[in-house]
Amino acid sequence: MLREILEKRYPFAMLRDLLLQAFIRQSSFQAFRFRFTDIFQWAGSAIFMIVAITLISLAYNRTVKNQESWIPNLASVSFDSGDARQFVPFERSLVVSDSYPIDDSSPLLSLSENYPRLDEKKSLPPVDQRFSDPNTTEVPDFQRHVVPLFTNLGCNGRACHGSFQGQGGLQLSLFGYDFQHDHDMLFDEESPRVDLEDPESSLMLDKPTLFVAHGGGKRIDEKEWEYRLLYNWIEGGGKLQKANSINGDKNPKATYRPQPLQRLEVYPKEIIAKESQQQINLKAYAHWPDGTVEEVTPLCRFQTNDDQIATITKEGEVTLQGKGDTHVVVFYDQAVVPVEVIVPYTDQTDLTYSAPTTIDRLVAQKWEKLGIVPSPLSDDATFLRRVRLDMTGTLPTSQEVKNFLKNTDPDKRARKIDELLATPEYVAWSTTQLCNITGNNDTQLVNASVIRNRAPSREWYHWIYQRVEENLPYDDLVAGIVLAQSRRPGQTYTEYSKEMSEYYHENDTDGLAERPSLSHYWARRNVRTSEEKAISFAHSFLGVRIQCAQCHKHPFDRWSKDDFSEFQKFFEPVAFNARGGGPGTRAEANRLLADLGLEGKRGNEVRRALPDLLREGEVVPFPEVFVRTPRPRDIRLGKTNKARLLGESEPIDLNTFSDPREPLMDWLRNDEEHLLAKAYVNRVWANYFGIGIIDAPDDINQANPPSNRPLLDYLTTEFIRQNYDMKWLHREIANSRTYQLSWETNETNRLDNRNFSHARLKRMPAEVAYDAVYQATASSEEVLHLQHDLSNRAIMIPGTQVPRQQRQAAYQFSVFGRSTRSNNCDCDRSDNPNLLQTIYLQNDPDFLRLLTDRRSWLGQLQKEIQAEDVTARQKELATLDEKIKSLKQQMERQRKRLATLRNEKKQRQAQKVQKNLTQTTKELQRQQQSRKKIARQKQPLPMTIDLALVDDILIEAYLRTLSRYPTSEELAINREHLKEAGIQGMQDILWALLNTKEFIVNH
C-alpha cells in the first residue's frame, strides 16, 4: 500500500526507495520492544520526513508544471504496425535539465539521453569572464587556454600560421594539435614571439593588437580578455604546463605530454525549434583528468554543416535560418561534438505512421520531430523496377513485370526480394561494388601476376564473386583481404610458384578464387608505402578519409599526425616483390629462372619471356606478397616495434605477432565504434537510397554525424549480431516500408533530402545504364540469354579496362561516370547528370545502332511484320494480275467489235466503242504501273495490321523500357503515329522512351 502511494506521488526511483526503507526501518520497533527513547527517535524522524516530503513535492510539482507549459502534445502521435509485426510505439523522452536554461516562453526544446545535469556551480566560469577583470592574477594553461585561443582567433588556420610554410616567420601546427611544436615556435631563437623579461613587448601581443604591423590584421584589443589571457600566460613564465616541467621552471622549452581531454559536453544536446530566426547560445564544458570542469565556450571553434538551416557565430550563437535538420559542430582540443538542429517543416503532431519494421520505426521517430508526412507506398511496377535495379543492377524483363503485376499474393514483395538475392545478377552487382571500394584497378596491377593484361583484375573479381555467392560473412571476406599473403602456411616459394603455374596451365584462372586470401589488394602500385596502405585500408574497410592526418591534425576528426604515424606502422612489414619471393627465397627464385634459361637476364627480358614459358607448361616464378618478420636479434635484445590502433591509447608490440595485421583484424571485429560494420552498412544503405545515413558514405568523421544515429546503430549492431550476413542486410533494408515509399512528395516532405521520407530520384550507374539500354533493345532470344549468361554484362566487367568485345561501352562508361578506382574515394564514381549523357542517348552512333540492328528487338519485329507484308504484297500482285488479264481480254473484245462496226460502216456505234477502248487502255496502263511499283518495293509497306497487335507491340515497348504498362492516353498517341509511319515508327517510339527521364532514372 505504502509503495503504491509513493510510486504515484514520487516517480524518482532513488528517492522512493529511500523513503520506503526509512519507513520500514523505523516501523520495526525492534520486535515491539517499546522504549521512550525509541518513540522519541521515531517521532523526530517522522517529522523530518514529513517536512522533506513536503518540500520535495512542491519542487517536483513546480518542475512538472514548467515542463508541461512548453512540451508539445505527443499523445496523438501514433504508429500503425501494419499487417506483419506488432511493436511498442516509441517514447519520446524530454529532459529539461539537459538544456541550457531558457525562459518558459521559448519554443526551444532539447531532446537527449537521460544523464545528470552538469552542476555549473562546481565548474570554472569561462575565460572571458575570468580574464575580463584587469586585476586577475590567474595564469592560464598553454594547452587548455592559449592554443585554443589561437584556434579561435584563426592564428593556426590554413590561411595563417597553420599553413605548411607558415606566415611572417611563424609556423604553427594546423588547429593546434602539436603543443610542443607550437610552444617551441613561440620561443624560436631567430624570431621569438614571447619576451619573458618584458611581456608587454612580446610580438604575440604586439602583432594581433596592431602595435606592430600584422598581415592578419587586428585580432585582439589590449583592453579585452583575450589580451589579458595571453599577457598573464607570458607573465607567468610562458610555461608549456602549469606544473613544474621536467627541465625546471626556468626553461620554458620543456618536454611535454598532452593532457588527454576526458570529454567535452555541449548544451543543449539537441536543438528543436518551432520556427526559424531564433537564436540559441551553445555552452561547452571541458572535463579534465584532474577533475577540473571548465566552461570553454569562448575557446571553441564552431561550424555548421548546412547554413541554409542554421548558422553559428564564433561565439557559439546558433541562428535558425530555414526548415529542415542539420548539425552544428563544436571543436575544442581533440574533441569534436556535433549538435543536431531541427526546425520542423510543420507543427503537426497528430500524425500516424505505418511502421511494420524496426527500420520504419526508427525513421518515423525522426519524421515526427520534423513534422513530416511520408509519401505513400510505391505501386508494384515502380517497386519491382527499383529493387531490380538497386539489388541486381538489372532491368526486369517484360514477362517478369507482367507476372509480378498479376500476382495477388500479399507477400509477393518479400518473396521477390528473396528471389532476387538468389540470382547471379545480385552476386555480380554486389561484387562490382566491392571491387569499387577495394580498388580493383587494371593499371595498378600490371606487376601483380606473370600474365598481365586483365588477368589480375579478373582473378580479384572472381575471388570476391565466389564469396558473395556463398554469402560468406562480410568480416571473413575482409579478413581474406586484410591478412592476405601469397603463400599458404608452410608452403615453400617453389611450391607456391608451381601451384600458381598449374592454374594457368589448365586455363583455370577462376580457380584462383579457391585460394584463401586475395593478395592482389597489397600488390597494387599505388599502395607500396606503409602510408599508402594505411590510407587505402581506412577508406576500404573503415569508410574514413584519414589522409589529412598524414601531415597534420584531421580538421574534422580527432585523428592527429601522431595517430596516423602510429597506425601506419601496422603496414610497414607488408611487402610485395614482383621478381620472386620474399626474404630467404631469393635462391629458389634464381633456381627457377636458371631452369628456364633466364639466369642473368634483365628485368624486362624476363617479364617478356615468362608469359610464353608459362603457356608452354613451364613452372615460372610468381610475384609475391609477404610479411617481413622481426629480426631475431631485435627480439633477443628486447627491441620493441610498437604501433597504435586508431582511437586506442595503448600501443601494441608487433614483435609478438607473426603478422602485424592480426591485431588489426581483431580490432576491426571488436572495436567499440564498429567501424567495419558501420562503413559497410552505410554504403549498402546509400546504394538503395541514393544517400548514406552518413553522407558521403566514405567520410565517417565526428563532424559529419549520421542523419539518424539510432537507425545506423541498429543496423550496425544487428548486422554484427547476424554474423555479418550480407544478404540479411540487403533483405532488411529492401523489406522496409521506408525503402518502398513513392518518389512523389507532398508539402511536408518535398524539401526533405536526408530523412528518407520519399524515394530519392537517382540516375542509373554507368554499368547498369549500359546493360539497361542493351536489354531494352535486344531481341527476345537475347534477353532470355542474358538471364543465364552474364559474361557480356557490364555489371560483370572485372576491372577498370573494358574488354575488347565490349569496347563500344568504354565511351558510355566515361560519360556516365563509372568508377575509375584510381583514388581512395567513393567519389571516383559519378552519378551526376550532364549534357554529354543526353547527347549520347539522342545521337551516339553505337546507341542508334542498337535500335536498327537486325538482331535487335525492332529488327526481329520488322522481320515478322515484313513477312506479313510480303504475303500481303503477293496477294495484291495476284489481284492486279487478274485485273490486268481481265482488262486485256476486254480490250481484245472491244477491238474486234470496233473492226466489225467499221466494216459495216456504223460510224456512230464505232465511235462509242472507240471511246470505251480508250478508257480500258488507260485503266490497263494504270494497273500495270501499280503492279510495277509494288513489285519494285523493297521496304515493308505501311503496317496494315489489326489494332490488337499494335497495342501488344506498344505495351511490350513500355514494359521493356519503363517496366510498366502505358496509359490509355499514351496508347492513343502512339497508335496514331504508327498508322502514319508503319513499323518504322516503332524506332521513333523506342528512341523516345529511352530518352525519357523515367527510363534513365531509378525512382
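Surface patches are built from residues with over 30% relative accessible area and no salt bridge, like charges being joined within 9 Å. In this predicted model, one negative surface patch consists of Glu-469, Glu-470, Glu-502, Glu-506, Asp-508, Asp-510 and Glu-514. Of these residues, Glu-470 is located in the loop that runs between helix H15 (455-469) and helix H16 (474-482).

Side chains of opposite charge can pair when their charged atoms come close. The model contains 43 salt bridges. One of them joins Asp-418 and Arg-731, with an N to O distance of 2.9 Å. This pair connects distant parts of the chain, 313 residues apart, with Asp-418 in helix H13 (residues 412-421) and Arg-731 in helix H26 (residues 726-734). Asp-418 is partly exposed at 39% relative accessibility, and Arg-731 is partly exposed at 27%.

A salt bridge is also formed by Asp-475 and Arg-669, whose closest N and O atoms are 2.8 Å apart. Because Asp-475 belongs to helix H16 and Arg-669 to helix H23 (residues 661-670), the pair ties together parts 194 residues apart in sequence. Asp-475 is buried, with 7% relative accessibility, whereas Arg-669 is partly exposed, with a relative accessible area of 27%.

Glu-499 and Arg-515 form a further salt bridge (3.0 Å, N to O). Glu-499 lies in helix H17 (residues 493-505) and Arg-515 in the loop between H17 and helix H18 (530-542), so this contact ties together parts 16 residues apart in sequence. Glu-499 is buried at 16% relative accessible area, and Arg-515 is buried at 8% relative accessibility.

How values were computed:
Residues numbered from 1 in each chain as written. Predicted model: local features only at pLDDT ≥ 70, side-chain atom pairs only at ≥ 80, totals over all residues. Heavy atoms only, no water. Patch = residues over 30% accessible without salt bridge, like charges linked within 9 Å, V, L, I, M, F, W, Y side chains within 5 Å. Areas by Shrake-Rupley, 256 points an atom, 1.4 Å probe, with all protein chains shown as cover. Salt bridge = Lys/Arg side-chain N within 4 Å of Asp/Glu carboxyl O. Lys, Arg positive; Asp, Glu negative; His and termini not counted. Charge placed at Lys NZ, Arg CZ, Asp CG, Glu CD. Helix = DSSP H or I, 4+ residues; strand = E, 2+ residues; numbered from the N terminus. Buried < 20%, exposed > 50% of the residue type's maximum accessible area, 1.4 Å probe, protein only.
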